[in-house]
Amino acid sequence: MLDWRGLGGPTERSGSHDRLTRAVESPGQSEAIPCEGAEILGRVGSEVILAKEVSWGIPELRAQNKDAPQELLEAKIREILKQRVAQKIEERLIVQDAQRTIPKDNFPKIRENVAREFEASQIPRLMKATGARTREELDRLLEASGSSIEMQKNQFVDAVIANEWLRHQMKIDEEVGHQEMLDYYHQHLSEFETPARARWEQLMVRVARFPSREDAYAALAQMGNQVLDGVPFAEVARAQSHGSTARDGGRWDWTNQGSLASALLDRVIFGDGVRPGIPVGALSPILEEEHALHIIRVIEREPPRRTPFEQAQVEIKKKIRAEREQKAKQAYLAKLRQQTPVWTAFDEATTASPSPRSNGWLR
C-alpha cells in the first residue's frame with residue numbers, strides 16, 4: 001500500500017514524461033530527425049502517449065505472422081494498440097489526479113519508493129523470463145521487443161500508483177444485504193446453472209480412409225464386436241480408431257451438453273428432451289455421419305443442476321462488490337475525463353487535436 005497521507009495542493013508531473021512532452025511540443029523542431037516509436041497515439045491533457053509505450057511485442061507478432069495476409073495482420077495490430085492506448089489513458093488520468101492532489105514534495109518520493117520496488121521484484125522476474133544473465137543483456141533483449149528497462153520501470157510505477165490511487169478514491173459499501181443477494185440470484189439464474197455433462201469413450205472411422213462406405217462400416221462393426229467379445233475398449237481404440245482421442249484409449253473427459261460439434265453425438269449421449277441418452281455402460285449402435293462413423297459408450301453422466309442460493313451466497317457477494325467497484329471506477333473516470341481533454345489517434349473525429357502524421361501504425 002502507498003502512503004497517501006498529507007494530501008494537499010496541486011503538483012506537477014516529474015521525470016521522463018515531462019521531458020518527452022516538452023520535446024514533442026517545443027516549437028521550431030522541424031529540422032529534427034523523427035525517432036522510431038515517437039509517433040503520438042494519444043494525449044491526456046498536455047501529456048502524450050507515444051507508440052513505443054504501447055508497441056512492446058509488436059515486432060515479434062509481425063515476425064511470427066509474416067506469411068499472414070497483411071491487411072488482417074495490420075488490423076489485428078491496430079486493435080491491440082487501440083486497447084493498450086485506452087488502458088494507458090485511464091492510467092494517466094488517474095496518475096494525473098494523484099499528482100494534482102498529493103503535496104508537490106511527496107509525489108516524487110512516492111515514485112521513488114515504487115521504483116525501488118520495481119528494482120527489487122521486477123528486474124529478477126524479467127531476467128528469469130528472458131534468460132538474461134546481466135542487466136545490460138536484459139536491456140538489449142527488451143529493446144529487441146520494443147521496450148527497455150526504463151520503459152518497463154515507468155510503466156510499473158504508473159500502474160502501481162494508478163491502482164493504489166484508484167482504490168483510495170473509490171468509496172465502496174462492503175456490506176451486501178440478504179435481499180440484495182436474493183434479488184441478484186433470481187435475476188441471474190443462468191449464472192448458477194450447470195448443464196448436463198458426461199465422460200464417454202469413442203470408436204471412430206473416417207469414411208475417406210476406406211474404399212467404400214460399406215468397408216468403413218464393416219471395420220467399425222468389427223471394432224465393436226471385439227469390445228463385446230471382451231477386448232478392452234481402450235485397447236481397440238488405440239489400435240484402430242481414427243478419433244482424436246484414440247491415443248488416450250478413445251476416452252473423453254467431462255463434456256458439457258451442447259459443447260460437441262456433432263449434434264448427433266450430443267443427442268445420443270445426453271438425449272434430446274424426448275428420448276434419454278444411451279444407458280451408462282452400454283455400447284451405442286453404429287452412428288452414421290457424412291464423413292465419419294462412430295460407436296460410443298457413456299462412462300458417467302450427471303444431470304443439469306442449479307447451485308442453491310445458500311451455496312451461492314459467497315459468489316454472489318463477490319459479484320455484487322465487483323459490479324459496485326466497476327460502476328464506481330467508471331463514474332470516477334468519467335469525472336476525470338470532464339476535467340482533462342483526451343484524444344487518441346483511433347478516434348473517429350480528430351478535430352479536437354492535430355492528427356499525427358501517417359506512420360504505418362494506423363493502417
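**Close-up 1. Helices α4 and α12 stand roughly perpendicular to each other (angles of 65 to 115 degrees).** In this predicted model, local features need pLDDT of at least 70, side-chain atom pairs count only at pLDDT 80 or more, and totals for chains, interfaces and linings use all residues. Residues are numbered from 1 along each chain as its sequence is written, and side-chain values use heavy atoms, without hydrogens or water. The axes of α4 and α12 (residues 309-339) come within 10 Å and cross at roughly 75 degrees. Axes are lines fitted to C-alpha atoms, for helices over the stretch in contact; angles run from 0 to 180 degrees between N-to-C directions. Helices are DSSP runs (H or I, at least four residues), numbered from the N terminus. On α4, I89, E90, L93, I94, D97 and R100 meet K329, Y332, L333, L336, R337 and Q339 of α12; contact means heavy atoms within 4.5 Å. By class, this contact has six nonpolar, one polar and five charged residues. Ala, Val, Leu, Ile, Met, Phe, Trp, Tyr, Cys and Pro count as nonpolar; Asp, Glu, Lys and Arg as charged; the others, Gly among them, as polar.

**Close-up 2. α5 passes α6 in a left-handed crossing.** Left-handed means that the near helix is turned anticlockwise from the far one by less than a right angle; clockwise is right-handed. The axes of α5 and α6 (residues 135-144) come within 10 Å and cross at roughly 70 degrees. The two helices are therefore roughly perpendicular. From α5, E119, I123, L126, M127 and T130 meet R135, L138 and L141 in α6. The contact divides into five nonpolar, one polar and two charged residues.

**Close-up 3. α9 (residues 213-228) meets α10 (residues 233-240) at roughly 155 degrees, with axes within 9 Å.** That makes the pair roughly antiparallel (over 145 degrees). The crossing of α9 and α10 is right-handed. M223, Q226 and V227 in α9 touch F233, V236 and Q240 in α10.

Close-up 4. A pocket is an open set of points on a 1 Å grid over the protein atoms alone, where a 1.4 Å probe fits, with protein on both sides within 12 Å along at least five of seven lines; lining residues have an atom within 4 Å of a point. Of the 20 lining residues, E53, W56, K88, Q152 and Q155 are closest to the centre. α2 (51-54), α4 (70-101), α5 (106-130) and α7 (149-169) each supply at least two lining residues. The lining has seven nonpolar, seven polar and six charged residues.

Terms used. Parallel < 35°, antiparallel > 145°, perpendicular 65-115°, else oblique.
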